[in-house]
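Work through the exercises below with the sequence and the structure at hand. Each task is followed by a solution in steps.

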Amino acid sequence: MTVKEPSAAPPGEGRPEGRRGASPRRRPVGRPGAGTLTAFIAPGLLLFLLFVLLPVAFAAYVAFFRWNGLGGPPTDFIGFDNFRNLLGDDVFMGDMWRLTLLVAMSIGIQLPIAFGLAMLLHQRFPGRTVFRLLFFVPYVLTEAVTAVLFGLIFSPRRGFADSMLQSIGVETQVGWLSDRSIVLFVIFGILTWKFFGFHMILYLAGRQNIPEELYEAAAIDGAGGAQMFRNITLPLMGPTVRITIFLSVIGTVQLFDLVFVLTGGGPFHASETLAITMYDQGFGRNQIGYASALSIAMFVISLVFALFYQRYVLKRDLQGSLTTAGGGRS
Amino acid sequence: MNVRTPRGKLLRNTGLYIAAFVTAAFVATPILFALLGGFKDNQQLRENALGLPSPWNAEHYTDVLTSDSFWRQVFNSVFIALATTVIVVGCAAMVAFVFARFAFRGREALFTLFAAGMMFPFAVAVLPLFIILRTFELLNSPLGVILPQAAFGLPLTIIILRSFFRAIPGEVEEAAVIDGAGPWLFFVKILLPMARPVLATVSVLALVGSWNSYLLPLVVLSRPTWWTLPLGVTQFQGQYASDTAKVLAFVMLAMLPALIFYAFAERHLISGLTSGGTKG
């Protein structure tokens with residue numbers, strides 16, 4: 001840290017602040033000119049405006065037109081027709097139903113499994129680090145590559161899953177990914193494989209932030225394991241649980257890679273997600289206006305959920321109680 | 001059950017290990033299937049799906065490892081990930097620096113604007129992005145993937161960096177000012193070196209995000225020249241649909257860089273990937 005020469009400061013910001021001992025008044029590094037501030041912000045802001053805000057605004061605009069994306073800007077203004085059509089679109093409504101189902105299963109099955117495993121790995125026992133490392137591995141893998149792997153495991157031509165089941169004496173005649181009634185559950189199984197480790201790590205961090213003194217005190221008062229779990233662990237894990245539910249829902253709304261590569265949304269839309277319908281309409285059928293309306297619907301769903309959730313569910317976590325003192329702001 | 005008696009303890013430990021091993025099998029089986037399957041031929045895969053390969057057959061792995069397309073895709077993935085990371089961390093650090101240490105009119109509004117970017121799912125923007133990139137003639141160019149990825153990485157990166165920059169004590173800044181440093185010098189010579197741990201965290205986030213990204217490259221890169229690994233794997237599967245063992249070898253090799261990275265930078269990777277969840 002040898003910063004000595006004031007002359008090294010770039011030009012265009014007036015005199016550098018090197019008034020050695022001139023006044024005891026505290027001077028922050030800047031009262032730098034507007035030019036300097038702009039220079040710092042400009043690259044990021046430009047990137048953000050051009051590739052985030054402009055596309056989103058453009059989607060919101062195009063959603064009110066019938067447009068195939070070709071031959072100049074959209075001209076065929078149709079008001080809210082695209083949005084009205086969405087509500088009557090069986091595929092879109094199906095996407096919403098499947099989203100609800102996946103979210104319900106995630107909250108009801110996947111997160112509790114992750115929670116249970118976190119409690120397990122919080123205990124001290126030999127080999128615990130190895131298990132913790134291993135359980136996080138699926139989360140590290142690329143979704144699209146995972147999807148190719150599971151496509152082979154659940155392959156219709158007697159894949160690995162069938163061989164496994166046969167080895168324990170179960171003959172399967174199941175089209176894992178081609179049977180409309182089970183494909184979504186198979187996908188949920190794969191999602192659980194991929195993501196439980198992530199939630200588990202968050203729970204583990206949350207659990208480690210609970211002071212052990214609380215348990216010691218409870219033990220002195222004669223509380224049993226079940227009582228401690230219900231009265232200490234569960235309430236103090238609340239903030240972490242609420243965050244993982246939030247992340248899980250937002251992630252499910254945007255689900256694309258895994259399902260697209262695995263089934264393309266089929267058979268007969270049985271595993272289709274919002275993002276796949278949008279892709280299909282936009283890039284497959286050039287219904288840019290309609291697909292944009294769908295994009296905006298996705299955005300609104302995420303936004304409404306996020307605002308609602310932050311307003312009503314995360315609210316108490318943001319008020320800085322004991323439970324958030326260790327909320328991972330390291 | 002009282003866990004303090006020896007018998008209770010034994011019971012507890014047994015239950016613990018059973019649950020841990022069942023989960024470990026659940027996690028490891030698909031990966032072992034890919035690893036071992038790559039060493040089998042297709043007949044072995046059909047007749048002996050579960051056991052070890054016999055004989056071991058490295059041909060599929062060597063085929064992939066000697067193919068130009070695999071290495072090109074590795075290079076493309078690495079190049080795009082590094083470029084994305086440099087751009088997003090660089091731009092975000094400068095913006096976060098200004099947000100953290102200077103007061104000026106409109107600062108909070110501007111910060112809110114960036115933070116609002118967290119609300120936009122990437123899929124919402126991909127269609128208009130495609131049209132914009134087409135207009136700028138950035139389709140089939142790595143920049144068409146790098147720039148949007150960097151842009152979408154900005155909000156979280158800025159939020160994390162800003163809170164770190166804020167926490168650096170004012171005395172450090174005063175000392176620099178007394179030594180005559182201007183904002184640029186302070187930023188480059190003092191702030192960034194001090195922020196190394198958090199820069200590592202956000203870099204990991206950006207690297208992994210780019211490495212795993214699929215939808216944007218799928219839309220932007222229609223020609224194989226710039227295909228990244230995820231695109232290459234899905235394409236390879238389509239091409240060799242009947243040659244399962246070969247695809248498994250390719251899948252395994254495509255997963256390997258992430259696994260190696262995880263093995264060596266486990267701590268950074270976990271804290272990086274979970275920071276989005278805990279720093280919200």
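**Exercise 1. A helix crossing**

Determine the hand of the crossing where α3(A) passes α9(A), and describe the contact between them.

Solution. Helices (H or I, at least four residues) and strands (E, at least two) are DSSP runs, numbered from the N terminus. Step one is the hand: α3(A) passes α9(A) in a right-handed crossing. A crossing is called right-handed if the near helix is turned clockwise from the far one by less than a right angle, and left-handed if anticlockwise.

Step two is the geometry. Helix α3 of chain A covers residues 90-122 and helix α9 of chain A covers residues 225-253; they pack at an angle of about 145 degrees, with axes 10 Å apart. Axes are lines fitted to C-alpha atoms, for helices over the stretch in contact, and angles run from 0 to 180 degrees between N-to-C directions.

Step three is the contact, where two residues count as touching if their C-beta atoms, placed from the backbone, lie within 7 Å. From α3(A) come A:Leu99, A:Leu102, A:Val103, A:Ser106, A:Ile107 and A:Leu111. They meet A:Thr244, A:Ile245, A:Ser248, A:Val249, A:Thr252 and A:Val253 of α9(A). By class, the contact of α3(A) with α9(A) holds 8 nonpolar and 4 polar residues, and no charged ones. Ala, Val, Leu, Ile, Met, Phe, Trp, Tyr, Cys and Pro count as nonpolar, Asp, Glu, Lys and Arg as charged, and the others, Gly among them, as polar.

The model is predicted: local features need pLDDT of at least 70, side-chain atom pairs count only at pLDDT 80 or more, and totals for chains, interfaces and linings use all residues. Residues are numbered from 1 along each chain as its sequence is written, while chains are lettered from A and ligands numbered from 1 in the order in which they are written.

**Exercise 2. Chain A as a whole**

State how many helices and strands chain A has, and what share of its residues is buried.

Solution. Chain A has 13 helices and 2 strands. Of its 330 residues, 39% are buried. A residue is buried if 20 or more other C-beta atoms lie within 10 Å of its own, exposed if 12 or fewer, and partly exposed in between, with C-beta atoms placed from the backbone. Among contacts in chain A between residues at least 6 apart in sequence, 63% join residues at least 24 apart.

**Exercise 3. The core and the chain contact**

Which residues touch the most other members of the largest nonpolar core?

Solution. A nonpolar core is a set of buried Ala, Val, Leu, Ile, Met, Phe, Trp, Tyr and Cys residues joined through C-beta atoms within 7 Å. The largest one has 165 residues, and A:Val148, A:Leu294, B:Ala92, B:Val95 and B:Val251 touch the most other members. This core draws at least three residues from each of domain 1 (6-60) and domain 2 (71-278) of chain B; the bounds come from an automatic or database domain assignment.

Take A:Val148 next. Leaving out residues up to four places away in sequence, A:Val148 touches A:Val261 and, in chain B, B:Val233, B:Thr234, B:Gln237, B:Val247 and B:Val251.

Then take the contact between the chains: 92 residues come from chain A and 84 residues from chain B. Helix α1 (residues 6-37) of chain B gives the most to the chain B side, with 12 residues. That side divides into 63 nonpolar, 13 polar and 8 charged residues.

**Exercise 4. Backbone exceptions**

Locate the cis peptide bonds at A:Pro267 and B:Pro55, then examine B:Glu137.

Solution. A:Gly266 and A:Pro267 are joined by a cis peptide bond with omega about -10 degrees. A:Pro267 is in the loop between α10 (257-262) and α11 (274-284) of chain A. In chain B, a cis peptide bond with omega about -5 degrees joins B:Ser54 and B:Pro55; B:Pro55 is in the loop between α2 and α3 (59-65).

B:Glu137 has phi near 55 degrees, a positive value in a residue other than glycine. B:Glu137 counts as exposed because it has 9 C-beta neighbours inside 10 Å.
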